[in-house]
Amino acid sequence: MKNPTVSIICVCIVMCLMNAAFGGTWRDDFEDDKTNEWEIFNLVRQHEKWWTTDGVVVGEIFEDPFLSLWRTGEIDWEYYKVSCRVKLVVDRTQAPKVGLTLHDRGDEGSRYFFLIDFETDIATISKEVPGGGVLPGLYDVEKDTWYDISAQVYDDGNLDFFINDTLVVGAFDPEPLDGGLAGLVVQNAQAYFDNVEISGENIDDGGPTKSFAVEPQQKLTTAWGNLKRNGDL
């Protein structure tokens with residue numbers, strides 16, 4: 001007869017190994033108005049601000065060509081995925097942009113940007129280091145419309161940027177950046193962000209929100225776009 005105690009221990013070990021392999025997910029739906037796990041990078045108070053209202057977070061800056069970054073996480077986070085909902089609300093100057101930053105190391109000056117330009121309908125992946133590249137992709141976007149966006153940095157050097165489940169830009173970085181924080185980005189605009197989700201092998205389950213309710217429109221499937229990666233950064 002098998003020892004039940006040994007069986008339980010084996011099951012626990014397997015579950016722990018599975019959790020270590022797949023990592024966790026950090027979530028925030030901004031329903032509780034708590035923002036203590038977020039920070040504005042390099043705050044310039046007269047030009048940029050972030051605040052919560054009615055279950056979303058609002059990012060605003062109107063000082064061309066500066067971007068405002070609202071970040072969370074740990075400096076050792078690496079090779080992870082960030083997804084959220086975003087809507088451009090106000091644009092007063094040229095080239096309003098919204099998007100995400102991954103592997104962001106702050107004052108060290110290195111990060112990846114995944115941005116949508118609402119003036120040109122161009123989405124880009126850029127490597128923000130001296131000599132870093134920019135790769136574009138086309139996607140029609142409109143003001144006052146919610147979009148599901150996600151960006152991912154893989155451990156093999158690949159990077160992907162999705163809008164509404166369509167791969168708009170894919171890239172390969174032969175010299176991937178070190179890990180870093182994740183964040184939301186806005187430029188020349190006021191934008192709403194909601195349902196931020198960050199997942200990766202070295203990210204623990206956490207954040208202000210345990211899980212998100214599935215909305216009806218999120219249950220609909222969307223046709224995939226061209227899955228060919230655009231090139232190297």
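# Close-up views of a predicted model

**View 1. Strand S1 beside strand S15.** Strands S1 and S15 pair in the antiparallel sense over five bridges; two strands pair if DSSP finds at least two bridges between them. Strands here are DSSP runs (E, at least two residues), numbered from the N terminus. The model is predicted, and for this reason local features need pLDDT of at least 70 and side-chain atom pairs count only at pLDDT 80 or more, while totals for chains, interfaces and linings use all residues. Residues are numbered from 1 along each chain as its sequence is written, and side-chain values use heavy atoms, with hydrogens and water left out. Asp28 has Val196 as its bridge partner in S15.

**View 2. The two faces of strand S1.** Five of the five residues of S1 are buried, where buried means under 20% relative accessible area, exposed over 50%, and partly exposed in between (1.4 Å probe, protein chains only). In a regular strand the side chains alternate between the two faces of the sheet. In S1, Gly24, Trp26 and Asp28 are buried on one side, and Thr25 and Arg27 are buried on the other.

View 3. Gly24 lies in strand S1 and counts as buried, at 5% relative accessibility. Gly24 and Ile198 are 174 residues apart in sequence, yet their C-alpha atoms are 8.4 Å apart in space. When residues up to four places away in sequence are not counted, Gly24 touches Ile198, Ser199, Gly200, Ile203, Asp204 and Asp205; contact means heavy atoms within 4.5 Å.

**View 4. An aromatic cluster.** One aromatic cluster is formed by Trp26, Phe30, Trp38, Trp50, Trp70 and Phe193. The whole structure holds ten aromatic pairs. Rings of Phe, Tyr and Trp (its six-membered ring) pair if their centres lie within 6.5 Å; planes under 30 degrees apart count as stacked, over 60 as edge-to-face and the rest as tilted. Trp38 and Trp70 form a stacked pair, with 4.4 Å centre to centre and 10° between the planes. This pair links distant parts of the chain, 32 residues apart: Trp38 is in the loop between strand S1 (24-28) and strand S2 (39-40), and Trp70 is in strand S5 (residues 67-72). Trp38 is buried at a relative accessible area of 8%, and Trp70 is buried at 4%. Trp50 and Phe193 form a tilted pair, because their planes stand at 35°, with ring centres 5.7 Å apart. Here too distant parts of the chain are linked: Trp50 is in strand S3 (residues 48-53) and Phe193 in strand S15 (residues 189-200), 143 residues apart. Both are buried: Trp50 has 11% relative accessibility and Phe193 has 0%.

**View 5. Nonpolar cores.** The largest nonpolar core has 46 residues, and those with the most contacts inside it are Leu100, Phe114, Ile149, Leu184, Phe193 and Ile198. A nonpolar core is a set of buried Ala, Val, Leu, Ile, Met, Phe, Trp, Tyr and Cys residues joined through side-chain atoms within 4.5 Å. A second, separate core of five residues includes Phe41, Leu69, Phe113 and Leu115.

View 6. Arg85 lies over the face of Trp146, at 4.5 Å from the ring centre; a charge sits over a ring if NZ of Lys or CZ of Arg is within 6 Å of the ring centre and within 35 degrees of the ring normal. Arg85 also forms a salt bridge with Asp148, with the closest N and O atoms 3.8 Å apart; a salt bridge is a side-chain nitrogen of Lys or Arg within 4 Å of a carboxyl oxygen of Asp or Glu. Because Arg85 lies in strand S6 (residues 80-90) and Asp148 in strand S11 (residues 147-153), the pair ties together parts that are 63 residues apart in sequence. Arg85 is buried at 11% relative accessibility, whereas Asp148 is partly exposed at 32%.

**View 7. Further salt bridges.** The structure holds eight salt bridges. In one of them, the side chains of Asp173 and Lys127 meet at 3.0 Å, N to O. Asp173 is buried at a relative accessible area of 2%, and Lys127 is buried at 12%. Glu39, Arg71, Asp104 and Arg111 are linked in a network of salt bridges.

Note on methods
Helices (H or I, at least four residues) and strands (E, at least two) are DSSP runs, numbered from the N terminus.
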